[in-house]
Amino acid sequence: MMCGGTSATQPATAETQAIADKVKSQLEEKENKKFPVFKALEFKSQLVAGKNYFIKVQVDEDDFVHIRVFESLPHENKPVALTSYQTNKSRHDELTYF
């Protein structure tokens, strides 16, 4: 992966799900609602001064959210953070940089 560019879209892994789970409460707070489902389906990553993850998450039967999560460098010892998100997505919406 080149620095700055995003990776190809890949199926979500257990690590991707764990990252999504860490920011679920942040998203629920911003949207002022609870999500009955929070399943990471696919993701892209981007190397910056840390790592951005763009993750497609299923939040209901036919409702999806794209989230951007920032993971700082290990020596900074900071928790992952939800930096942006897009709601009202469908299963077939392409995961793009935002």
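This is a short talk on the overall build of one protein and on one of its residues, Ser-72.

Keep in mind that the model is predicted.

Start with the fold. The protein has 1 helix and 5 strands. What pattern does the protein follow along the sequence? It reads β-α-β-β-β-β.

Now the overall dimensions. The C-alpha trace spans about 35 × 25 × 25 Å along its principal axes. The radius of gyration is 13 Å. For 98 residues, a compact globule would come out near 13 Å, so the two agree.

Next, the contacts. Take pairs of residues at least 6 apart in sequence. Of their contacts, 48% join residues at least 24 apart.

The accessible surface comes to about 5800 Å². Carbon and sulfur atoms account for 48% of that area. As for burial, 37% of the 98 residues count as buried.

Then the charges. The protein carries 13 positive and 14 negative charges. Their mean positions are 3 Å apart.

Let's zoom in on Ser-72. Where is Ser-72 found? It sits in the loop between β4 (63-71) and β5 (81-89). Is Ser-72 buried or exposed? Its relative accessible area is 11%. Buried means under 20%, so Ser-72 is buried.

What does Ser-72 touch, leaving out residues up to four places away in sequence? Gly-50 and Lys-78. Ser-72 and Val-48 are 24 residues apart along the chain. Their C-alpha atoms are separated by 9.1 Å.

Methods
Residues numbered from 1 in each chain as written. Predicted model: local features only at pLDDT ≥ 70, side-chain atom pairs only at ≥ 80, totals over all residues. Heavy atoms only, no water. Helix = DSSP H or I, 4+ residues; strand = E, 2+ residues; numbered from the N terminus. Rg over C-alpha atoms; globule rule 2.2 N^0.38 Å. Buried < 20%, exposed > 50% of the residue type's maximum accessible area, 1.4 Å probe, protein only. Contact = heavy atoms within 4.5 Å. Areas by Shrake-Rupley, 256 points an atom, 1.4 Å probe, with all protein chains shown as cover. Lys, Arg positive; Asp, Glu negative; His and termini not counted. Charge placed at Lys NZ, Arg CZ, Asp CG, Glu CD.
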